[in-house]
Amino acid sequence: WPKAIIQQIIYKKLVSLIAAETIKPNTDNWALLCPPASTKDANETRFKDICQNLCNFFAKLQNGFDHIEIINEKEPKYIEDKLNDKEHTTWDIDQDLKFDEEFFKGKDIILFDDIVTTGETMTQFIYKLKQLGANPILCASILYTPKIFGESKFVRKKRIKAVQPVQALQPVSED
């Protein structure tokens, strides 16, 4: 997807959610965060410009992109239209990533991942952000790959509500 289309979809949806008061960000202390892509290069290509441009659209929306560092890169979950069978296909958040804890403390967070494969990464990030004292208020994605691969074991096991395809934005539940 061209980055401009992704930005436009998210911008319009965020504006409508804020206007409808579906989400109520602390507009003095809110931030956008993308769980990193598998590698440093992929992360830079997929998310750096999108994060900066979306933060430019919304007054006071802070960019979380530079506040997570990839320490250990990982294998992608999907390779050539098949789920990767390797064990380490998601982040070990405490070993693979370094968070700027002061940046996240007390912030309302919008999590954006362009493609959700299992929902596991998004779930891990919600828990980690809460540990850091942040308040995840919205999870957003554009594409959902489990429809291609079938429902993942993780989604069934954790009873996570699957994200709907295209333009899906879900407020974070208290569960």
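Q: Two strands pair if DSSP finds at least two bridges between them, so to speak, so how many bridges join β1 to strand β2?
A: Three bridges join β1 to strand β2, which covers residues 61-63, and the two strands run parallel. Helices (H or I, at least four residues) and strands (E, at least two) are DSSP runs, and they are numbered from the N terminus. Please keep in mind that this is a predicted model, in which local features need pLDDT of at least 70 and side-chain atom pairs count only at pLDDT 80 or more, while totals for chains, interfaces and linings use all residues. Residues are numbered from 1 along each chain as its sequence is written, and side-chain values use heavy atoms, with hydrogens and water left out.

Q: Which residue in β2 stands opposite alanine 31?
A: Alanine 31 has glutamine 62 opposite it in β2.

Q: And what do β1, α2 and β2 make together?
A: These three elements make a right-handed β-α-β unit. Right-handed here means that, with the strands pointing away from the viewer, the path from the first strand over the helix to the second runs clockwise.

Q: How does β1 pair with strand β7, in what sense and over how many bridges?
A: The pairing of β1 with β7 (residues 108-116) is parallel and has four bridges. In β7, aspartate 108 is the bridge partner of tryptophan 30, and leucine 111 stands opposite leucine 33.

Q: Which way do the residues of β1 point, and are they buried or exposed?
A: In β1, which spans residues 30-33, Trp30 and Leu32 point one way while Ala31 and Leu33 point the other way, and all of them are buried. Buried means under 20% relative accessible area, exposed means over 50%, and partly exposed lies in between, using a 1.4 Å probe and protein chains only.

Q: How many residues of β7 are buried?
A: Nine of its nine residues are buried, so β7 is largely enclosed by the rest of the structure.

Q: Let's zoom out: how many helices and strands does the chain have?
A: The protein chain has seven helices and nine strands, and 46% of its 175 residues count as buried. Its accessible surface comes to about 9,800 Å², and carbon and sulfur atoms account for 47% of that. Such areas come from the Shrake-Rupley method with a 1.4 Å probe, and for residues only the protein chains shown count as cover.

Q: New topic: how many salt bridges turn up in the whole structure?
A: A search of the whole structure finds three, where a salt bridge is a side-chain nitrogen of Lys or Arg within 4 Å of a carboxyl oxygen of Asp or Glu. One of them links lysine 60 with aspartate 28, and their closest N and O atoms are 2.8 Å apart. Because lysine 60 lies in the loop between α2 and β2, and aspartate 28 in the loop between α1 (3-19) and β1, this pair ties together parts that are 32 residues apart in sequence.

Q: What does lysine 128 form with aspartate 94?
A: Lysine 128 forms a salt bridge with aspartate 94, with the closest N and O atoms 2.8 Å apart. Lysine 128 lies in helix α5 and aspartate 94 in helix α3 (residues 93-96), so the pair ties together parts that are 34 residues apart in sequence. Lysine 128 is buried, with a relative accessible area of 13%, whereas aspartate 94 is exposed, at 56% relative accessibility.

Q: Where do glutamate 44 and lysine 48 lie?
A: Both residues lie in helix α2, four residues apart, which is about one turn of the helix. Glutamate 44 and lysine 48 form a salt bridge with their closest N and O atoms 3.4 Å apart. Glutamate 44 is partly exposed at 40% relative accessibility, and lysine 48 is partly exposed with a relative accessible area of 34%.

Q: Last one: where does glycine 133 lie, and which residues does glycine 133 touch?
A: Glycine 133 lies in the loop between α5 (120-131) and β8 (135-144). Leaving aside residues up to four places away in sequence, glycine 133 touches Phe104, Lys105, Gly106 and Lys107, where contact means heavy atoms within 4.5 Å. Glycine 133 is partly exposed, with a relative accessible area of 38%.

Definitions and conventions: Pairing = 2+ DSSP bridges.
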